[in-house]
Amino acid sequence: MNDDRATSTRSETPEAILHGGDLHAVSGRYPDAPQPWIDLSTGINAVPYPVPEIPPSAWQRLPAKSEERILLTAAAARYRVASRDTIVAAPGTQALLQSLPRLRPRSTVAVLAPTYEEHALCWRRCGHQVHLVDDADALAHADIAVVVNPNNPTGRLLPRDVLVRLAAAQRRRDGLLIVDEAFVDLYPANASLAADLPPATIVLRSFGKVYGLAGVRLGFAISSADIATRLRGELGPWAVSGPALAVGTAALADDAWLAQTGARLARDGQRIEALLENAGCAVIGITPLFRLIASPIAAGIADRLARHGIHVRRFPAQPTWLRFGLPSHEGDWERLAQALGSSS
């Protein structure tokens, strides 16, 4: 989802949620750092899908319903969903996060934390009572249960049977389970609930992360047909731009590119783990797109990297954590290795 905000187990609403990727802000604090900066802070694939040629008409007219249906057909095939009528396309998963709380009366919401803080914030803004919990069993006591799976930034992956039981509990209480699968694309198929959706469940899928095209602003909700209809009403007409429809349709249908990307990221993940461990960092969280490390000197490591023009993700609520995305080419790998090995 996007991309990334601070995580926390605090109960209060923060005044502002920090995001990765703001190179302008960080470069201003390190004006002497070498250029160009290497941004490893976002958890977005640094080797993006090659954008196809977009016809001029996609920029010049409102998107056609037929183009959206073609996109939803591609998404249904990619996510193994039986009917495209149960998929909603949105201008990024963030738009869905902000729409979902408007579909329910004021409720109790439990978010499995620490995780992506926008979930809690969006429900709070609409007047819901939000609790951050650190145990999956505690989710069943709320009207709305929210899980990021695999989790950002810890990489925690709840087994399917745990989520199915939770969905059943939510159905009995007329509740809802929301599972944010923003980072699940390169996991085995059974890691996702999308293909065999339990009742009372909404699955969120992000396009921009694995395809490296966060600027396209495209995301999907997979749910029952009635919830999908209500979500479309919240988003309104022409929610997804014509260029996004074209890019998303091409990318979601490209099986070969996704397979090659998965193989490359697996190799690169092993490479960055070796670099981090050689630098004395303990890797505590893993997804194909990032590694989370813990170190008592995390602040010093981040500062040293920034002085080398390398931006990594810090977490104010967890000051011993840093998250590293994967470099895009050999020059960036060499620069990262040098920075990690240099003295402060």
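## Helix H8

At the start of helix H8, Ser-241 puts a side-chain oxygen within 3.2 Å of the backbone nitrogen of Ala-244. This is a predicted model, where local features need pLDDT of at least 70 and side-chain atom pairs count only at pLDDT 80 or more, while totals for chains, interfaces and linings use all residues. Residues are numbered from 1 along each chain as its sequence is written, and side-chain values use heavy atoms, with hydrogens and water left out.

H8 covers residues 242–252, and nine of its eleven residues are buried, so the helix is largely enclosed by the rest of the structure. (Buried means under 20% relative accessible area, with a 1.4 Å probe and protein chains only; helices are DSSP runs of H or I with at least four residues, strands are runs of E with at least two, and both are numbered from the N terminus.) Among the buried ones are Pro-243, Leu-245 and Val-247. What do they pack against? The buried residues of H8 pack against helix H2 (56–60), helix H3 (65–79) and strand S8 (219–222).

## Strands S2 and S8

S8 also partners strand S2: the two run antiparallel, joined by four bridges.

## Cysteines

There are zero disulfides (cysteine sulfur pairs within 2.5 Å) in the whole structure. For Cys-122, the nearest cysteine sulfur belongs to Cys-126, 7.6 Å away. Cys-122 counts as buried because its relative accessibility is 3%, and Cys-281 does too, at 4%.

Note on methods. Buried < 20%, exposed > 50% of the residue type's maximum accessible area, 1.4 Å probe, protein only. Contact = heavy atoms within 4.5 Å. Polar contact = N/O pair within 3.5 Å; in protein donor to acceptor, adjacent residues only side chain to side chain. Pairing = 2+ DSSP bridges.
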